[in-house]
Amino acid sequence: MRITKVEFLEAQKVLSLFINEDKNFATIEQCSNAIAKAFTNGNKLIVCGNGGSMTDAMHFAEEFSGRYKNNRHPLPAIAISDPAYITCTANDYGFDHVFSRFVDGFGKNGDVLFAISTSGNSVNVVKAAETAKAKGMFVIGLTGNSGGKLASFCDVEIRVLHQGFSDRIQELHILIIHSIVNCVEKMLNVEC
């Protein structure tokens, strides 16, 4: 039982550190504004990440394209998560290129790339951000630790300051994702 309680106390500490930095909420609002603007202008949101961050990417995209809390029109968001595409690209070009090739093929000026990496150093996520910048896309990074190499390619970065294992970072990432969806819906005045 003590081990379990320690996990919760550590999670509470990471959350408290994030809450105590007002700039984090200004950054979440800035990200939400960029996504809402893209949707308003007929652009889309592309989301990527590896492992648990891929499932967060899929969850984030479906909150827009499906629904969040209430019924509304779908919003154009897609996670790079098709196994056939990923394995084909990894086989032909290497795993480092699975996200950047998708961004190169589907991304356009005015779109938003939401790149998730708890370390900020996932090579394929960094390459996707680099490709997105070259295409005139707005790049948002959801990171942890020091922000890694990804930070330098982001127009806006939301960083969870935690130097331990990625589980604490990922727990806060999903809360941030839900907060952004909620903000975007309010900005767009969609029924919710």
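Is F8 buried or exposed? At 62% relative accessibility, F8 counts as exposed; the cut-offs are under 20% relative accessible area for buried, over 50% for exposed and partly exposed in between, with a 1.4 Å probe and protein chains only. F8 sits in helix α1, residues 2-19. Its C-alpha atom is 35 Å from that of P74, a residue 66 places away along the chain.

A quick word on ground rules. This is a predicted model, where local features need pLDDT of at least 70 and side-chain atom pairs count only at pLDDT 80 or more, while totals for chains, interfaces and linings use all residues. Residues are numbered from 1 along each chain as its sequence is written, and side-chain values use heavy atoms, with hydrogens and water left out.

## The whole chain

The chain has seven helices and five strands, where helices (H or I, at least four residues) and strands (E, at least two) are DSSP runs numbered from the N terminus. Walking along the sequence, you get α-α-β-α-β-α-α-β-α-β-β-α.

How does the radius of gyration fit a globule? For 192 residues, a compact globule would come out near 16 Å, and the chain agrees with its 16 Å. That radius is taken over C-alpha atoms, and the globule rule is 2.2 Å times the number of residues to the power 0.38. Along the principal axes, the C-alpha atoms fill a box of roughly 50 × 40 × 30 Å.

Of the 192 residues, 42% are buried. Contact here means heavy atoms within 4.5 Å; among contacts between residues at least 6 apart in sequence, 68% join residues at least 24 apart. The accessible surface comes to about 9,800 Å², and carbon and sulfur atoms hold 55% of that. Those areas come from the Shrake-Rupley method with a 1.4 Å probe, and for residues only the protein chains shown count as cover.

On charges, there are 18 positive and 20 negative side chains, with the centres of the two sets 2 Å apart. Lys and Arg count as positive and Asp and Glu as negative, leaving out His and the chain ends. Each charge is placed at NZ of Lys, CZ of Arg, CG of Asp or CD of Glu.

Helix α5 covers residues 98-106, and V98, F99, S100, F102 and V103 are buried in it. What do they pack against? The buried residues of α5 pack against strands β1 (45-48), β2 (77-79) and β3 (112-117), plus helices α3 (52-65), α4 (83-93) and α6 (123-134).

Follow the chain into the loop between α5 and β3 and you find D111. D111 is buried, with a relative accessible area of 0%. The side chain of D111 makes a polar contact with the side chain of K44 at 2.7 Å. A polar contact is a pair of N or O atoms within 3.5 Å; within protein, one must be able to donate a hydrogen and the other to accept it, and residues adjacent in sequence count only if both atoms are side-chain atoms. Leaving aside neighbours within four places in sequence, D111 is in contact with N43, K44, F106, M137 and F138.

## The β4–β5 loop

N145 is found in the loop between β4 and β5, and at 18% relative accessibility N145 counts as buried. Phi of N145 is near 50°, a positive value in a residue other than glycine. Not counting residues up to four places away, N145 touches several others, including T118, S119, R159, H162 and I169.

S152 also belongs to the loop between β4 (138-144) and β5 (156-160), but S152 is exposed at 61% relative accessibility. A polar atom of the S152 side chain lies 2.9 Å from the backbone oxygen of K149.

## C-alpha separations

Q30, in helix α2 (residues 22-40), is partly exposed at 41%, and it turns up in the table too.

| Pair | Apart along the chain | C-alpha separation |
|---|---|---|
| S152 and E130 | 22 residues | 9.2 Å |
| Q30 and I180 | 150 residues | 9.5 Å |
| F8 and P74 | 66 residues | 35 Å |
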